Every structure is written in structure tokens, then in C-alpha cells.
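Subject: Structure for your review

Dear colleague,

Please find the structure below, followed by an account of what was found in it.

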Amino acid sequence: MFQGPFDHSIIRRAKSKGLAEIYLHNIRDYASNKHKSVDDYAFGGGSGMVMMVQPIADCINKLKSERTYDEIIYTSPDGELLNQKTVNHMSGYQNIILLCGHYKGIDERIREHIITKEISIGNYVLSGGELAAAIIADSLIRLIPGVLSDETSALSDSFQDDLISPPVYTRPADYNGWKVPDVLLSGNEKEITKWKIEKGYERTRERRPELLNEEE
Ligand code: SAH
């Protein structure tokens, strides 16, 4: 599941430039029981299997014995909702673990004793944490200095400054009568900047008004 997201485009470039390293660990390799099982029935009944404590604890404890981690993150629909502020903060971290759940989730004791942060990518349920982990990784890695070729471009993305990006256009200036706003062709830097800021606010008010009310 990680081959696509981690082996192409920006993440691939970050890895090849030595700006990010990603290691995948298969929990099953740490299962001590003879069937190498990593899940079991839920105590108290109910549908769905639960990921067992032992393989996860052994895997994470081994990693922790090798280096220090800024956070040990569990991807979970009831975690803190991922937003750009958190992403900006976490992009400065040296090492993180992203634990991906499956089935009904992981045994609660891992969350109580090992996990330091829980992140949700949205109010909906995925079948596993991998896609959430790939999203978290992508959002962090693209902010590492040197990863994006035009470094300022990340700063002008939506949600930086709690604003949505203004609309963008490229050539041709007139596509069968669909025209680019005149101001963008005017060459007047001051007017262009003013237009971009105004449009950013307008879009934010229209589409995501809650961003303007969020506390810093
Ligand atoms: N029973 C759980 C859902 C389990 S889904 C519940 O109701 O909360 C299986 C796994 O997918 C989870 O353990 C988690 O790692 C991952 N996952 C599902 N939805 C997610 C989301 N919105 N954000 C982050 N991870 C998610």
C-alpha cells in the first residue's frame, strides 16, 4: 500500500536527496506466537478482530531502543483532526513512528502506555491506517526545506495563515473566450498582491468561514 505514495513524486525526491527516510515495519514479524497472528477476538464480544498488544509493543520498543522519537503516533478516527498547524509543527520533527491500525483497531493498552499522539485525517472510517499514514507523511515531508523545488510555494498554499489560496491561472490568457482576470496580466505587482490577498479572504469567507474564526 505504500509503494505508490512513497516511491513517486515529492516523497521520492525527498528520499533520494536524503531529506527524509522512511522505514516500513511489518508487525507480523514481531508476533511471538507460532501462527504469527497479530489479531484476536475482542474481550466482551462484539464483531471485529483487535490487534494484539505484544507484537506492536515489541516492535515499537525495539525502535525506541535505537533512537529517540518526537512522537509515537497512532492513526485513529477518534484522534486529533489533522490540520496545517499540526503539520507545520510536526515537519520539524527528527523521528516519528506512525502506527497503522487494522480491523476494529488496536488493543487500548497500546494507546494508554505507548502512543503519545493520535491523529485522524477526517471524520470517516478507513479500513486501515496506511492511507492515513501516507497522507501524514506527505503533508510533513513536503515542508522540509529543500524538498519542494520552489520553496516559497508551500508558504502560499491554502491554510498557511488560515486562508484558502486565491485562484491560479496559466497560459493562454484567453481560452475560447474564458479569460484570465485582467489584473494578473497587468504587470502591476502591488495590484496583483492586493488582488491575491482579497481573493484569499473572499474564498475563505465563502468556503471555509470557520478558518477566520479559529483561535491561533
Ligand atoms: N473501530 C474503529 C475503526 C477502525 S478502522 C473506530 O470505530 O474508531 C481500522 C484502522 O484504520 C484504525 O485502527 C486506524 O488506524 C485506521 N483509520 C480508520 N479511519 C481513520 C481516520 N479517519 N484517520 C486515521 N486513521 C484511520
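How do the residues of the shell around the ligand divide into nonpolar, polar and charged? The shell holds nine nonpolar residues, 10 polar ones and one charged. In this division Ala, Val, Leu, Ile, Met, Phe, Trp, Tyr, Cys and Pro count as nonpolar, Asp, Glu, Lys and Arg as charged, and the others, Gly among them, as polar.

Please note that this is a predicted model, in which local features need pLDDT of at least 70 and side-chain atom pairs count only at pLDDT 80 or more, while totals for chains, interfaces and linings use all residues. Residues are numbered from 1 along each chain as its sequence is written, and side-chain values use heavy atoms, with hydrogens and water left out.

The ligand

Of the 20 residues around the ligand, Tyr74, Thr75, Gly101, Lys104 and Tyr124 come nearest; a residue counts as near if one of its heavy atoms lies within 4 Å of the molecule. Strand E3 (71-81) and strand E5 (117-120) each supply at least two residues of this shell, and E3 gives the most, with four residues. Helices (H or I, at least four residues) and strands (E, at least two) are DSSP runs, numbered from the N terminus.

- A polar side-chain atom of Tyr74 is 2.6 Å from an oxygen atom of the ligand.
- An oxygen atom of the ligand lies 2.9 Å from a backbone N or O atom of Gly101.
- A polar backbone atom of Gly122 lies 3.0 Å from a nitrogen atom of the ligand.

On its own, the ligand has 560 Å² of accessible area, of which the protein covers 85%; such areas come from the Shrake-Rupley method with a 1.4 Å probe.

The pockets

The largest pocket holds about 1200 Å³ of space. A pocket is an open set of points, on a 1 Å grid over the protein atoms alone, where a 1.4 Å probe fits, with protein on both sides within 12 Å along at least five of seven lines; lining residues have an atom within 4 Å of a point. The volume is the space filled by probe spheres set on the points, which are joined across faces, edges and corners. Of the 38 residues that line the largest pocket, Ile22, Tyr23, Leu24, His25 and Leu98 are the closest to its centre. Helix H3 (53-66), strand E4 (96-100) and helix H6 (130-141) are the elements that give two or more residues to this lining. By class, the lining of the largest pocket has 27 nonpolar, six polar and five charged residues.

The second largest pocket has about 570 Å³ of space. Its lining comprises 22 residues, and the closest to the centre are Ser156, Ser165, Pro166, Val168 and Lys196. The largest share of this lining, four residues, comes from H9.

Domains and backbone

The chain is divided into domain 1 (3-141) and domain 2 (158-215), with bounds from an automatic or database domain assignment. Their C-alpha centres lie 36 Å apart.

Two backbone features deserve mention. Arg171 and Pro172 are joined by a cis peptide bond, with omega about 0°. Pro172 is placed in the loop between helix H7 (152-155) and strand E6 (174-175). Asp161 lies in the loop between H7 and E6 and has a positive phi of about 65° although it is not a glycine.

With kind regards

Notes: A polar contact is a pair of N or O atoms within 3.5 Å; within protein, one must be able to donate a hydrogen and the other to accept it, and residues adjacent in sequence count only if both atoms are side-chain atoms.
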